[in-house]
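Here is a short walk through one protein chain. Keep the sequence and the 3D view side by side as you read.

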Amino acid sequence: MAQVTLKGNPVPLEGNIPKPGDKAPDFRVAKQDLGDLTLKDLAGKVKILVAVPSLDTAVCALETKKFNEKAAKENGITTLIISGDLPFAMKRFCSTEGIDSENLITGSQFKDFSFSKNYGTHIAAGPLAGLSARAVFVVDKDDVVRYSELVPEIGSEPNYDTVLAEAKKLV
């Protein structure tokens with residue numbers, strides 16, 4: 001079980017973070033139209049899976065906008081932002097921020113915590129219990145994890161350039 005911090009305070013996580021070379025675990029999230037999306041639905045694509053606690057926080061909003069600018073416009077790469085927000089809030093966020101849902105997909109864990117539990121990012125206790133810690137996974141076309149980054153401080157951003165470089169290698 002991994003641990004991160006929130007403003008310097010320890011936050012325990014549930015599960016194990018997949019490492020490069022591991023088969024990507026399956027998951028189920030709700031899309032903006034409330035339909036389900038699973039890893040199998042993204043088969044044959046290079047994927048950047050981005051776990052954030054909530055788009056209603058400054059860092060998560062900034063991270064989503066940066067991934068929209070940097071990764072979602074890359075041909076051959078599918079970017080999925082996964083949070084605990086309701087699909088309606090995610091849709092409103094994307095609309096307000098001018099994010100095209102064809103380039104960047106949002107997925108909500110409001111019904112099913114399989115992503116955060118299977119990817120080891122599920123916050124087990126504390127004020128954010130039930131949400132996901134901040135993490136990024138690059139998964140190849142065969143659903144093998146090629147890069148994983150658990151951001152040690154929930155309030156910090158991931159390494160965008162490294163994530164994008166790892167994803168581009170797979171296209």
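**From the surface to a buried cysteine**

The model is a predicted one. Leu34 lies in a loop, with β3 (28-30) on one side and β4 (36-38) on the other.

Leu34 also belongs to a nonpolar surface patch.

Now turn to Cys60. This residue sits in helix α1, which spans residues 58-70. The UniProt entry, which is unreviewed, lists Cys60 under "active site". That annotation may be inferred rather than shown by experiment.

Is Cys60 buried or exposed? Cys60 counts as buried, because its relative accessibility is 0%.

What does Cys60 touch, leaving aside residues up to four places away in sequence? The contacts are Val52, Pro53, Ser54, Leu55 and Arg134. Look at Arg134 in particular. Cys60 and Arg134 are 74 residues apart along the chain. Their C-alpha atoms are separated by 8.4 Å.

Note on methods
Residues numbered from 1 in each chain as written. Predicted model: local features only at pLDDT ≥ 70, side-chain atom pairs only at ≥ 80, totals over all residues. Heavy atoms only, no water. Patch = residues over 30% accessible without salt bridge, like charges linked within 9 Å, V, L, I, M, F, W, Y side chains within 5 Å. Areas by Shrake-Rupley, 256 points an atom, 1.4 Å probe, with all protein chains shown as cover. Salt bridge = Lys/Arg side-chain N within 4 Å of Asp/Glu carboxyl O. Helix = DSSP H or I, 4+ residues; strand = E, 2+ residues; numbered from the N terminus. Buried < 20%, exposed > 50% of the residue type's maximum accessible area, 1.4 Å probe, protein only. Contact = heavy atoms within 4.5 Å.
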